[in-house]
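Thanks for coming, everyone. I'll walk you through one structure today. Please look at the screen.

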Amino acid sequence: MAQLSDDCFAFGGEMMAVDRALELLSGRLHPVTETRRIGLADALGHALAEDVVAPFNVPPHDNSAVDGYAVFFDDLTPDAPTLLPVTARVAAGHALDRPGRRGEAVRIFTGAPMPEGFDTVLMQEDCKAGEGTVAIPPGIRRGANRRRAGEDMARGSTVLTAGRRLRAEDIGLLASLGRREVTVRTALRVAVFSTGDEVREPGVPLEPGCIYDANRFALIAALRQLGCQVTDLGILPDRLDAVRGALADAAETHDVLITSGGMSTGEEDHVKAAVEALGGLHFWRLAIKPGRPVALGTVNAAAGSAVFVGLPGNPVAVMVTFLRIARPILLRLMGAADEAPALFPLRAGFTYKKKAGRREYVRATLARAADGVLTAVKHPRDGAGILSSMVESDGLVELPEEITRVEPGMIVEFLPFSEVR
């Protein structure tokens, strides 16, 4: 279970910058998951718990990159065709049982091991085959179409490092090294619930003044994309005893508890009080829009403790703060290496004003301007409750604290949603 020091952040005072909050978090959060060895078929999305070193060269031998003819480069006439006898045939998986001899050519196929001595391969399309001979045109360079042993991975080199979240290409790489199993971090156990007497489950009749619970379903989906093992705790009423009891029970069997809503200081916002009663709330108001009320804390239980992450109640604010604040927290807790998403410089296609000292995230789509340059176009609606704006956007324009105005043509930083999946 996780442990946090009690002096992370204080409630109230000036709002904290996003970068400062992430910097403080990085020094106070450590992996809480265990390690185990699993088969490659089940490893996708897990954080690697070991460095992987290539035990041999990949490819293990020089081989041909094309179908053609293997020759000694020094046998070729530089300014006229060269006629050579074809003395053998080498296919992939079948090595020649002798070294190559000067003055001969060998018929060879893609992936076949290069016989010892041969250093160059001619594509079959460039050659003229005869009865037991081949005419080779001039102009080929030494070593053409020859793949070197170890050019992909050299024996003894570290090819994957601990903390990497395994992707499909990583699984393929591990298989190419002959690995059937790999040591990974176990899935982070996360419990999710929503709060609010106005929140209803999808599918039930909607009473006046009520809304369907979009936040919980979005969070569960985002957590599963990260490879977390998620428990859905449903919707809790606006009662301190109910919130406190649910948090205490969940902390017994989970690494992280995540809520949406209830993090302000109003009379019906009970999450803050419940967390403080059960452990400690390291609360900060982030200088971020949309967002601001975000909390990190600890909920103690007999079996240990769980990290608590409290997110805002508005749907867009939930998603933005999850991507930029909660996601880095979860990655660190699951033992994954820091994966700061790439931001891409794009030309702005909109005008926008903002306050200094606050980081803002503007929903935007990508479009080609008349000159063909890719441009970020602001979504026409930017309220924190307009969830459709996230669906209709390609990503977020990140505006740092010092910027107060965006004009068309200005270069801005764009975060595609694909970078944080």
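Y69 sits across from R107 of strand 6. Strand 4 (residues 68–71) and strand 6 (residues 105–108) run antiparallel, with 3 bridges between them. Two strands pair here if DSSP finds at least two bridges between them. Strands are DSSP runs of E, at least two residues, and helices are runs of H or I, at least four; both are numbered from the N terminus. In general, strands of a sheet pair through backbone hydrogen bonds, either parallel or antiparallel.

R107 also lies over the face of Y69, 5.1 Å from the ring centre. The rule for that: NZ of Lys or CZ of Arg within 6 Å of the ring centre and within 35 degrees of the ring normal.

A word on the source. This is a predicted model, where local features need pLDDT of at least 70, side-chain atom pairs count only at pLDDT 80 or more, and totals for chains, interfaces and linings use all residues. Residues are numbered from 1 along each chain as its sequence is written, and side-chain values use heavy atoms, with hydrogens and water left out.

Now the rings. Rings of Phe, Tyr and Trp (its six-membered ring) pair if their centres lie within 6.5 Å; planes under 30 degrees apart are stacked, over 60 edge-to-face, the rest tilted. The count comes to 1 aromatic pair. F72 and F118 form it, tilted, with 4.9 Å centre to centre and 50 degrees between the planes. This pair links distant parts of the chain, 46 residues apart: F72 is in the loop between strand 4 and strand 5 (82–90), F118 in the loop between strand 6 and strand 7. Are these two buried or exposed? Both F72 and F118 are buried. Buried means under 20% relative accessible area, exposed over 50%, partly exposed in between, with a 1.4 Å probe and protein chains only.

Next, the domains. Their bounds come from an automatic or database domain assignment. The chain divides into domain 1 (6–34 + 187–334), domain 2 (63–147) and domain 3 (344–419). Between the C-alpha centres of domain 2 and domain 3 there are 56 Å.

Strand 28 (residues 411–416) is worth a look. Strand 22 (residues 344–348) pairs with it antiparallel over 4 bridges, and L346 has V412 as its bridge partner. Strand 26 (residues 395–399) also pairs antiparallel with strand 28, over 4 bridges. There, L396 stands opposite L415.

On to helix 5 (residues 271–278). Its buried residues are V271, K272, A274, V275 and L278. They cover an arc of only 165 degrees around the axis, so they lie on the same side of helix 5. That arc is taken from the directions from the helix axis to the C-beta atoms.

Last, some backbone details. Most residues other than glycine have a negative phi, and most peptide bonds are trans. V58 and P59 are joined by a cis peptide bond, omega about -5 degrees. The bond from K289 to P290 is cis, with omega near -5 degrees. N145 has a positive phi, near 60 degrees, and is not a glycine. N145 counts as partly exposed because its relative accessible area is 23%.
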